[in-house]
Amino acid sequence: MAISANKRHDVFMKTFYHCAYCGKILSDTDDLTIDHKNPKAKGGKDDIDNLFGCCRSCNQMKADSNVSEFRKQLIDAAKISNNAYSYYLYSFANPPCEVSL
């Protein structure tokens, strides 16, 4: 089932048109994707509480993982890489305070 234009707008407004994972500003319409907090492959629904906007790269990396599984992937990737982007993703996956997505 397709997500309506109104619901898509509401989903992107939840994060003010920023990727829910890496924080990238989502200004390019080719980069706007909707992700399921609890993936559809694992029983997730199209409810607004289960949806948020993210960039295409993060959505593809997350695949059918849930948020905690994806954060673990980011942490593991940052541990074996020594570049600034991996550190940035690691810091997102380990916020100084609890972030509710």
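This report walks through the fold, the core, the strand pair and the salt bridges of the predicted model shown above.

Because the model is predicted, local features need pLDDT of at least 70 and side-chain atom pairs count only at pLDDT 80 or more, while totals for chains, interfaces and linings use all residues. Residues are numbered from 1 along each chain as its sequence is written, and side-chain values use heavy atoms, with hydrogens and water left out.

## Overall fold

Let's start with the whole chain. The protein chain contains 4 helices and 2 strands, in the order α-β-β-α-α-α along the sequence. Helices (H or I, at least four residues) and strands (E, at least two) are DSSP runs, numbered from the N terminus. The chain has 101 residues, of which 37% count as buried. Here buried means under 20% relative accessible area, exposed means over 50%, and partly exposed lies in between (1.4 Å probe, protein chains only).

The accessible surface is about 6,300 Å², and carbon and sulfur atoms hold 56% of it; these areas come from the Shrake-Rupley method with a 1.4 Å probe, and for residues only the protein chains shown count as cover. Among contacts with a separation of 6 or more, 53% join residues 24 or more positions apart, a contact being heavy atoms within 4.5 Å.

In soluble globular proteins, nonpolar side chains tend to be buried together. In this model the largest nonpolar core has 17 residues, and C19, Y21, L26, C55 and C58 touch the most other members. Two or more residues each come from α1 (5-14), β1 (32-36), β2 (51-55) and α3 (67-80). The top contributor is β2, with 4 residues. A nonpolar core is a set of buried Ala, Val, Leu, Ile, Met, Phe, Trp, Tyr and Cys residues joined through side-chain atoms within 4.5 Å.

T15 sits in the loop between α1 and β1. Leaving aside neighbours within four places in sequence, T15 is in contact with A20 and G53.

## The strand pair

Now for the strands. β1 and β2 pair in the antiparallel sense over 5 bridges; two strands pair if DSSP finds at least two bridges between them.

Since 5 of the 5 residues of β1 are buried, β1 is largely enclosed by the rest of the structure.

## Salt bridges

Side chains of opposite charge can pair when their charged atoms come close. The structure holds 4 salt bridges, each a side-chain nitrogen of Lys or Arg within 4 Å of a carboxyl oxygen of Asp or Glu. The table shows some of them.

| Pair | N to O distance |
|---|---|
| K24 and D31 | 2.7 Å |
| K62 and D35 | 3.1 Å |
| E69 and K42 | 2.9 Å |

K62 lies in helix α2 (residues 56-62) and D35 in strand β1, so this pair ties together parts that are 27 residues apart in sequence. Both K62 and D35 are buried. E69 lies in helix α3 and K42 in the loop between β1 and β2, so that pair ties together parts 27 residues apart in sequence. E69 is partly exposed at 34% relative accessibility, and K42 is partly exposed at 41%. As for the remaining pair in the table, K24 is partly exposed at 41%, whereas D31 is buried at 10%.
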